[in-house]
Amino acid sequence: MTRSNGAATGFAVSPEIPQHEVVVIGAGIGGICAGVKLQEIGIENFLIVDRIGGLGGTWYSHSYPDAGCDIPSTTYQFSFARKPDWDRFFAKRDQILEYLEEVAANYDLPRRMRFHTTIVREEWDDQHALWRLHTASGGVLTARFVISAVGAYINPKTAPNIPGLDSYTGVSMHPASWNHDFDFTGKRVAIVGVGASTMQIAPKLAAQVERLDIYQRTPQVYLPKPDFVLRPWMQRLLAVPGGSAVANGLAQTVIDSMLRVAVYTPAPVWKIGARLVDFLGRNAYAGWVRYKVKDKAIRQLLRPGFGIVCIRGGAGGDYLPTLNRDNVELLTAGIAEITPTGIRSADGLEREIDALILATGYEVFSDPESYKPGTVIGRDGFDLGAFYNTKELKAYYSTAVAGIPNRFIMIGPYSWTGTAFHYFVENAMRHIATVIDETRRRGATVVEVRAEAQERFHQEMLRSGRNLAYYLETRCSGSNSYFINSQGKSPYIRPWSLLKTYRKAVRFDREDYSYRHSLELEPVVLSGAEMEIARRPPAEIRTQ
């Protein structure tokens, strides 16, 4: 039905039926969780799409040497799919991917997945109460609801702003797209970046290459990694009903206690405590580095000059001892430019290389730049990317944005809580599923969070998070931490206890959302002939 000037006003009689009740964007941990939870509320007509070639998200695309989890595997799992038989305390990539594939198969998800499908633009059609999702190949998917499950680390930074990068003629790769055909044996290799990927990659490559140059911009914090093989008796203990849940619960208790201290400590006490924690933490870390690294000059390069918890840190394992090797050099002068055959540092030294590894990070969910203008267009032309790039990042319960009907974010502003990614997305989906179920229960087809409810939640995040904001926004200068975005804000951590987050996911005022049926959408203009059809009984219309 189309609009026509000079005609009567009425409603379209044959609204377009979307191809899918729900389209989930992303087939990683979040997408799998979404598929499971949608089935729990009776939705079977959903599609999960992903731009890569298989399910698993990060664990599908990241296959670099020694890739694995840097938190205990007992916490790195869904609450509805406990796994007691992990091989190691810190699981490796292949077994994590195998676990995700098994969970997906158990819930009949693979047949609902479509890979090599990149969504480049999402447009809300208010007339038909559906989303039109445009793919890179030119196709269009339609859905009543959309769930963005693209994860926390959205796009790898494969082309960092380094002068001369395009001129480099050797082999180059990012940890997200590892080149398994390249033989590193006896080669000269440079790694740019010293984060989580590098601390796993460097020890493996150092044993193969002739020379390994590691370019560090900002010191990180490399924690002990007490990894070990899980013996059969340990696996049997975890397999006891509730055993794995108890192990995870202990870790949750630690995190919850830390969050409660951060949220509820009086501000003056918190400021004094923050200075004390930094003093003790930096000195303890200096002692750890002194124990692991022999060279005093290298130890000095590894000392952070900012708050000790400004960056996430990671279980560094063998990374620090790798810096003791004769064929490994830590370079901190800064990169002046990349040449066709190597790297020239800011001190004028040029080092030729055979391979360049750009471990330069990712666009993160808390960065406004991760939301591109023109890619998500809601009601009345509301542009999510333009809004986030000019205003603060905000979303009701980290999932819903006013002006964007029927669309939810699984990892949004202030969504980090708990011990592992699975906990974040399960809490998000508990909220999202509740909203979608409530919408269907009311017989509505459109749901949208009210702007005042969104702002109320945002103000609560600012009030509850004042201690965290003080620490991250004042004590982390020079850290390049992804906890602080380009706007100088820290919309990363949910400043609530885990219990409060868990309860509030479903215990919220349902009237914080507005609900309407598609027939309540703004009227369309019909021609005289169209109005005649609109006045006919439904039985007559169906026979046309």
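Trainee: Where does Tyr414 lie?
Mentor: Tyr414 sits in the loop between strand E21 (407–409) and H11. Helices (H or I, at least four residues) and strands (E, at least two) are DSSP runs, numbered from the N terminus. This is a predicted model, so local features need pLDDT of at least 70 and side-chain atom pairs pLDDT 80 or more, while totals for chains, interfaces and linings use all residues. Residues are numbered from 1 along each chain as its sequence is written, and side-chain values use heavy atoms, without hydrogens and water.

Trainee: What is the phi of Tyr414?
Mentor: Start with the general idea. Most residues other than glycine have a negative phi. Tyr414 is not a glycine, yet its phi is positive, about 60°. Asp108 is another non-glycine with a positive phi, about 55°. Asp108 lies in the loop between H3 and strand E4 (113–114).

Trainee: Is Tyr414 buried or exposed?
Mentor: Read the relative accessible area. Buried means under 20%, exposed over 50%, and partly exposed in between (1.4 Å probe, protein chains only). Tyr414 is buried because its relative accessible area is 7%. Asp108 has 35%, so Asp108 is partly exposed.

Trainee: How many of the residues of helix H4 are buried?
Mentor: Nine of the 11 residues of H4 (residues 196–206) are buried, so the rest of the structure largely encloses this helix. Among the buried ones are Met199, Ile201 and Leu205. Ser197, Thr198 and Gln200 are also on that list.

Trainee: Now salt bridges. How many does the structure hold?
Mentor: It holds 34. The rule is a side-chain nitrogen of Lys or Arg within 4 Å of a carboxyl oxygen of Asp or Glu. Take Asp125 and Arg132, whose side chains meet at 2.8 Å, N to O. Asp125 is buried, at 14% relative accessible area. Now take Asp380 and Arg379, with their closest N and O atoms 3.1 Å apart. Asp380 is exposed, at 66%. Arg379 is partly exposed, at 27%.

Trainee: Which helix holds both Glu438 and Arg441?
Mentor: General idea: an α-helix has 3.6 residues a turn, so residues three or four places apart point the same way. Glu438 and Arg441 both lie in helix H11 (residues 421–441), three residues apart, about one turn. Their side chains form a salt bridge at 2.7 Å, N to O. Glu438 counts as buried, at 10% relative accessibility. Arg441 counts as exposed, at 61%. Salt bridges can also share partners: Glu44, Asp108, Arg111 and Arg112 are joined into one network that way.

Trainee: Which residues form the negative surface patch?
Mentor: Asp87, Glu98, Glu101 and Glu102 form it. Patch residues have over 30% relative accessible area and no salt bridge; like charges are joined within 9 Å, nonpolar side chains (Val, Leu, Ile, Met, Phe, Trp, Tyr) within 5 Å. Glu101 belongs to helix H3 (residues 93–106). At 39% relative accessibility, Glu101 is partly exposed.

Trainee: Which residues form the nonpolar patch?
Mentor: Trp233, Leu237 and Val240 form it, with about 330 Å² of accessible area together (Shrake-Rupley method). Leu237 lies in helix H5 (residues 232–239). Leu237 is exposed, at 54%.

Trainee: Strands next. In which sense do E15 and E16 pair?
Mentor: Two strands pair if DSSP finds at least two bridges between them. E15 (residues 335–338) and E16 (residues 342–345) pair in the antiparallel sense over three bridges. These two strands form a hairpin with three residues between them. Ile338 has Ile343 of E16 as its bridge partner.

Trainee: Which residue in E17 stands opposite Ile343?
Mentor: Arg351 does. E16 and E17 (residues 350–352) are also antiparallel, over three bridges. They make a hairpin with four residues between them, and Gly348 in that turn has a positive phi of about 90°.

Trainee: How many residues apart in sequence are Ser477 and Cys33?
Mentor: They are 444 residues apart in sequence, and 36 Å apart in space, C-alpha to C-alpha. Ser477 lies in the loop between helix H13 (466–474) and helix H14 (498–504). Ser477 is exposed, at 65%. Arg312 and Thr360 are 48 residues apart along the chain, with C-alpha atoms separated by 16 Å.

How values were computed. Areas by Shrake-Rupley, 256 points an atom, 1.4 Å probe, with all protein chains shown as cover. Lys, Arg positive; Asp, Glu negative; His and termini not counted. Charge placed at Lys NZ, Arg CZ, Asp CG, Glu CD.
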